[in-house]
Amino acid sequence: MKAYKSLIFFLSILAVMILMSLFFPTEGITIGYKAEIDTTSTAQDSLNDPLTTGNLGTAEATFETVDDDSVLVYESDFLSQLAKENFTLRFPSLQQAMSSTSSNATSVESDLARTERELRMQIEQDSLNRLNDSLLAQEEKEKKAFMDTLSFYQKFATKSAARIYFPNDDVHVMDKLIASLQKCGRGEVVHILHYGDSQIESDRITGFIREKLQQRFGGNGPGLCPAMQPIASYTVAQWASDSLPRFIADGNLRQKLSDDHYGVLAQMAKLNGKVTLNYTIRNSNKVYSKAKKFSQIRLLVGNTGANFTAKLRWGKRDSVQVIDAAVPEMSVLTWKLDTMVSDVKLDLSGTGEIYGVTMDGRSGVSMDNIPLRGSSGTFFTRINSHLLSASMSELNVKLILLEYGGNYTPHIYSMDRVQKYKEMIASQINYLKRLCPSAMIILIGPADMTKKIDGELQTYPFLEENIEGMKQAALENGAAFWNMYEVMGGRNSMIKWVDHVPAWAASDYIHFTPTGAGRIADMFVQSFMNYCDYYDFLKRNKKWAEEVTK
């Protein structure tokens with residue numbers, strides 16, 4: 001058939017269907033049996049009717065073999081059902097014909113979309129359930145890890161020989177200090193004053209602690225140094241162009257001063273004229289890296305006359321500051337350099353009391369080594385309270401370490417002497433707490449000390465009792481205590497330290513060697529850092545920490 005004829009045929013069929021949709025009754029045409037039907041008479045006739053031998057509607061057909069004639073018996077209720085039902089023929093309208101496909105498609109798409117949404121919601125819920133189970137399992141793991149770590153810190157704080165003892169066993173006494181140390185790396189300098197006897201001379205013990213704290217919390221430089229250093233330091237080489245009168249508050253080198261203006265270093269140099277002070281970091285492997293450079297220098301002076309002049313020189317540069325009028329109080333002159341240096345010179349002229357020179361970074365920790373040979377640590381109450389308080393405030397002191405007891409031990413012959421020293425130490429702690437309430441105080445007890453008793457080396461009599469008295473003096477007056485004697489190993493441990501290879505203690509069975517000083521300093525640092533780590537651990541796991549403390 002030619003194409004145009006096919007087109008005409010298709011259009012004709014379409015026209016007929018359109019006409020039928022227009023004129024076909026909307027209610028449809030009903031077809032069905034209206035009269036009674038004798039199902040009995042027609043049943044046998046239907047056997048031979050091929051139209052009734054199929055599966056029609058709900059008709060039920062059963063084929064049986066009867067006798068030998070194999071007659072097919074057909075039982076049907078089709079006609080009776082047909083008599084009871086009517087059928088209506090309908091032809092779709094034009095509108096229905098045009099819209100049915102789109103409607104059906106939309107309906108199918110909607111159904112699929114709904115099913116997909118339901119399926120997706122179920123998948124999401126299943127995923128949430130699995131995630132929730134996973135989170136619960138992870139939460140349990142995290143809680144267990146928290147409890148295990150918490151147990152470690154609690155065991156250390158209550159059982160370790162290297163633990164720090166706190167008033168009322170409250171480890172959170174350190175929280176304020178640790179927060180200050182963490183903050184200082186972001187723009188301020190925090191000073192730690194390390195007072196001690198000959199065990200810390202030459203920056204021993206102090207130097208190691210300083211390095212570790214500066215590595216963790218930031219900071220540079222060796223800290224505060226006197227104008228005239230009576231004992232050479234491993235870290236700073238210093239000399240003066242002329243000798244100055246010097247006054248020291250305590251110890252074998254004590255030089256008394258009538259008005260107690262010793263300053264924070266427990267010593268003072270008096271200027272009347274001109275002097276050049278030189279400070280250079282030593283080029284030695286004994287100098288820790290953080291102390292080798294500094295960028296901020298401060299001069300602490302007092303009782304200055306008119307036109308007191310200080311010129312700082314570094315490299316080829318210099319800077320001059322002048323105090324025009326006489327100032328009886330303490331003054332602080334500060335130089336903030338735009339570069340890190342390792343040596344400076346101070347040209348001073350006029351009259352005044354020189355309390356010290358700081359060499360720090362622009363932020364972080366600065367730790368000051370303050371040894372007084374032969375001292376028992378009972379001199380603080382002899383330093384002018386106003387001057388000491390002003391100095392500590394200016395330096396932003398947050399921690400004071402007091403390492404004493406060894407020089408008093410040989411003079412203890414009874415428990416009365418133990419009690420007396422306990423009371424003296426308690427008065428020093430209270431004095432410092434009153435003058436510098438923002439600072440934490442840690443009292444460090446003496447090392448083991450041995451001498452020959454009945455021809456045998458033994459720990460000094462009453463040393464253990466004296467250490468216990470010092471601990472009680474600290475704890476009863478709001479300070480902490482670190483037991484160096486216990487850390488070393490207790491009774492007669494000094495003998496083992498002397499015999500160690502390399503030797504950790506000198507042959508006098510009292511002082512550490514430089515190696516031993518580093519070892520004991522390392523033990524203190526590890527102990528101190530454990531509390532810093534514990535503080536950070538509780539902050540990171542605040543949820544579990546709060547749950548445990550409920």
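Which residues are linked with R216 in a network of salt bridges? The network joins R216 to D533 and D536, where a salt bridge is a side-chain nitrogen of Lys or Arg within 4 Å of a carboxyl oxygen of Asp or Glu. The model is predicted, so local features need pLDDT of at least 70 and side-chain atom pairs count only at pLDDT 80 or more, while totals for chains, interfaces and linings use all residues. Residues are numbered from 1 along each chain as its sequence is written, and side-chain values use heavy atoms, with hydrogens and water left out.

D536 counts as buried at 18% relative accessibility, whereas R216 is partly exposed at 32%, since buried means under 20% relative accessible area, exposed over 50%, and partly exposed in between (1.4 Å probe, protein chains only).

By the same rule the count comes to 13 salt bridges. One of them pairs R373 with E201, whose closest N and O atoms are 2.7 Å apart; R373 sits in the loop between β16 and α7 (385–395) and E201 in the loop between β6 and α6, 172 residues away in the chain. Here E201 is buried at 9% relative accessibility, and R373 is partly exposed at 35%. Another salt bridge joins D250 and R382 (3.0 Å, N to O). Because D250 belongs to the loop between β9 (246–248) and β10 (267–281) and R382 to the loop between β16 and α7, this pair ties together parts that are 132 residues apart in sequence.

From these charged pairs we can turn to a helix. In helix α5 (residues 175–184), L177, I178, S180, L181 and C184 are buried. Seen down the axis of α5, these buried residues fall within an arc of 160° and so line one face of the helix, the arc being that of the directions from the helix axis to the C-beta atoms. An α-helix has 3.6 residues a turn, so residues three or four places apart point the same way. The cover over the buried residues of α5 includes β6 (189–196), α6 (206–217), β16 (364–371), β17 (397–403), β18 (440–444) and α12 (514–540), with contact meaning heavy atoms within 4.5 Å.

Methods. Helix = DSSP H or I, 4+ residues; strand = E, 2+ residues; numbered from the N terminus.
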